[in-house]
Amino acid sequence: MATTKIYVVYYSLHGHVETMAREVQRGVNAVEGVEATLWQVPETLPSIILQKVKAPPKADDVPEIRPEQLVEADGFLFGFPSRFGVMAAQFKAFFDATHEIWEKQALAGKPAGIFWSTGFHGGGQELTALTAVTQLAHHGMIFVPLGYTFGSGMFEMSEVKGGSSYGSGTFAADGSRQPTEIELQQAFYQGKYVAQFAKKLKS
């Protein structure tokens, strides 16, 4: 049976989404016959701004993806920080550049999940994913939410936890907070869940 290819595509300014993306990738690769490739979208901020916001260097082991490369994959997991309840402009700019494959509907029927990072409590943990679904819909992609399949982890109340029925998520706070163990567990689970779905769909 041919390998099912999943592209984990992310944008990360301060590293929180990158950490989640690597755990998502691990989850995908845990499914036999499925292979995850990690990609990052191009940065649009000038270097002087990145310096002012103290952004760390981009991961040098993760290549930048071009829109036309999306057609190579059987499924996707897209990750990004939230900006006022929507995906970061860098990721939106990437989707805006997919018009040629949109015209061909080359991604139609391919499954996609979404994961994210937000600053604090608020609508972003659900709204960021909800507003991102419009990008998938225009391409004809199949949105794969988690529902409540993550089990008891979905009902955790003893600690601050990101994520929702739409996908996995984390809180960055002022940038000092890092993804917690349970948030990483949900990211791993999401990678595995979407991989299993994509594998069934391909077969």
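Predicted model: local features only at pLDDT ≥ 70, side-chain atom pairs only at ≥ 80, totals over all residues.

User: Which strands pair with S5, and over how many bridges does S3 pair with S5?

Analyst: S5 pairs in the parallel sense with strand S6 (residues 142-143) over two bridges. S5 also pairs in the parallel sense with S7, over three bridges. With S3 the pairing is again parallel, and the number of bridges is six.

User: Which residue of S5 is the bridge partner of Gly 79?

Analyst: Individual positions place the strands relative to one another. Ala 112 stands opposite Phe 143 in S6, and Trp 116 stands opposite Gly 169 in S7. For Gly 79, the bridge partner in S5 is Phe 115.

User: Is Ser 82 buried or exposed, and what distance separates its C-alpha atom from that of Trp 116?

Analyst: Ser 82 is found in strand S3 and counts as buried because its relative accessibility is 14%, under the 20% cut-off. Beyond its neighbours within four places in sequence, Ser 82 is in contact with Ser 117, Thr 118, Gly 124 and Thr 128. Ser 82 and Trp 116 are 34 residues apart along the chain, and their C-alpha atoms are separated by 6.8 Å.

User: How far apart in space are Leu 38 and Val 8, C-alpha to C-alpha?

Analyst: Leu 38 lies in strand S2 and is buried at 7% relative accessibility. Leaving aside neighbours within four places in sequence, its contacts include Val 8, Tyr 10, Ala 21 and Val 62. Leu 38 and Val 8 are 30 residues apart in sequence, and their C-alpha separation is 4.9 Å.

User: What is the reach of helix H6 from its first C-alpha to its last?

Analyst: Helix H6 covers residues 181-202 and has 22 residues. At 1.5 Å a residue, a span of 32 Å is expected. The reach in the model is close to that expectation, at 32 Å.

User: Against which elements do the buried residues of H6 pack?

Analyst: The buried positions of H6 include Ile 182, Gln 186, Gln 190, Val 194 and Ala 198. Taken together, the buried residues of H6 pack against strand S1, helix H1, strand S2, strand S3, strand S5 and strand S7.

User: Which residue forms a salt bridge with Glu 183, and is Glu 183 buried or exposed?

Analyst: Glu 183 is among the buried residues of H6, and its relative accessibility is 0%, so Glu 183 counts as buried. In its salt bridge the closest N and O atoms are 3.2 Å apart. The partner is itself buried, with a relative accessible area of 19%; that partner is Arg 177.

User: Why are Glu 23 and Arg 26 separated by about one helical turn, and how far apart are the closest N and O atoms of their salt bridge?

Analyst: The two residues are three residues apart in helix H1, and therefore about one helical turn separates Glu 23 from Arg 26. Glu 23 counts as buried at 16% relative accessibility, whereas Arg 26 is partly exposed at 48%. The closest N and O atoms of their salt bridge are 2.4 Å apart.

User: How many salt bridges are there?

Analyst: One of them joins Glu 68 and Arg 66, at 2.8 Å from N to O; Glu 68 is partly exposed at 44%, and Arg 66 is partly exposed at 46%. Glu 18, Arg 22 and Asp 61 are linked in a network of salt bridges. With a cut-off of 4 Å between side-chain nitrogen and carboxyl oxygen, the count comes to eight.

User: What is the area of the nonpolar surface patch that includes Ile 48?

Analyst: Ile 48 lies in helix H2, residues 47-52. The patch is made by Ile 48 together with Leu 45, Ile 49 and Val 53. Its area is about 290 Å².

Technical notes
Residues numbered from 1 in each chain as written. Heavy atoms only, no water. Patch = residues over 30% accessible without salt bridge, like charges linked within 9 Å, V, L, I, M, F, W, Y side chains within 5 Å. Areas by Shrake-Rupley, 256 points an atom, 1.4 Å probe, with all protein chains shown as cover. Helix = DSSP H or I, 4+ residues; strand = E, 2+ residues; numbered from the N terminus. Expected span 1.5 Å × (residues − 1). Buried < 20%, exposed > 50% of the residue type's maximum accessible area, 1.4 Å probe, protein only. Contact = heavy atoms within 4.5 Å. Pairing = 2+ DSSP bridges.
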